[in-house]
Amino acid sequence: METNFGYIDENYRRILDGIEEAKAKYRNPSDEITCMAVTKTVAPEAVNHAIGCGIQVLGENRVQEYLSKKALYLPQARMHFIGHLQTNKVKYIIEDMELIHSVDSIRLATEINRHAERVQKVQDILIEVNVGGEASKSGVTPDQLEELLYQVAEMPHIHVKGLMTIPPVEGDEKFLFEMQKLYLDISAKKMDNIDMEILSMGMSGDYVAAIRYGSTLVRIGSALFGARKYV
Ligand SMILES: *Cc1c(COP(=O)(O)O)cnc(C)c1O
């Protein structure tokens, strides 16, 4: 069956234009902003089409879904894990992930450190911040962040590269502003073994605003692949 993925080309071009416009307006020309394709529920053929368009990073939410699709993905894509990660599933993904965005507890970090040592890597991670303090969301609250960073900084097989957030849907830009402030504050502290190079913030609905507030990586699902048929 021939499937026409031309809509992905169009969507991707529109997103890149949006990123460029936001950059021109709010950022330095030399700033690099990564556009990740979020693959949940999307057929591997569509994901591969996006890779063909120029997508270099895939965002995976679910361990089971990832394991069932990974052999079908074009091999050049870099894998990031962005979903809630249970400690007992770390072992299935640790070797494949360039970056794990969703670390929000000492328990999860400890497990990642343990498995990273086993497979002889240093795992790059981001700390997920629940900037809106929503009960339904994962992530540490802003006032728990520094404590977790100090603990994770001691782990030899983990390297913190920045922060990730999913701000409240109804939220105005104040949450994006607050994340940028946290990111800059932590950066200014120059903690050992903690780098602030990546601010993973912005999805289909708010990536332009997120870029305004310092995002370096936007995670795009529906604006690239169309509305998800199921969640
Ligand atoms: C689904 C998802 C996205 C992408 O959401 P869209 O609104 O479809 O772009 C980004 N980040 C995370 C963590 C997600 O689960």
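## Ligand site

The ligand takes up the space of the largest pocket, where a pocket is an open set of points on a 1 Å grid over the protein atoms alone, with protein on both sides within 12 Å along at least five of seven lines, and a molecule sits in a pocket if more than half of its atoms lie within 2 Å of its grid points. This is a predicted model, in which local features need pLDDT of at least 70 and side-chain atom pairs count only at pLDDT 80 or more, while totals for linings use all residues. Residues are numbered from 1 along each chain, and side-chain values use heavy atoms, without hydrogens or water.

By class, the lining has 10 nonpolar, 11 polar and seven charged residues, with Gly counted as polar.

## Contacts and burial

Residues around the ligand (a heavy atom within 4 Å) include V38, K40, N61, I82 and R228, and this shell comprises five nonpolar, four polar and three charged residues.

Among the polar contacts (pairs of N or O atoms within 3.5 Å), a polar side-chain atom of R219 lies 2.9 Å from a ligand nitrogen atom, whereas polar backbone atoms of G221 and S222 each lie 2.8 Å from a ligand oxygen atom. The ligand taken alone exposes 380 Å², of which the protein buries 89%, with accessible areas from the Shrake-Rupley method and a 1.4 Å probe.

Technical notes:
A polar contact is a pair of N or O atoms within 3.5 Å; within protein, one must be able to donate a hydrogen and the other to accept it, and residues adjacent in sequence count only if both atoms are side-chain atoms. On a 1 Å grid over the protein atoms alone, a cavity is a set of points where a 1.4 Å probe fits but cannot get out, and a pocket is an open set with protein on both sides within 12 Å along at least five of seven lines; lining residues have an atom within 4 Å of a point.
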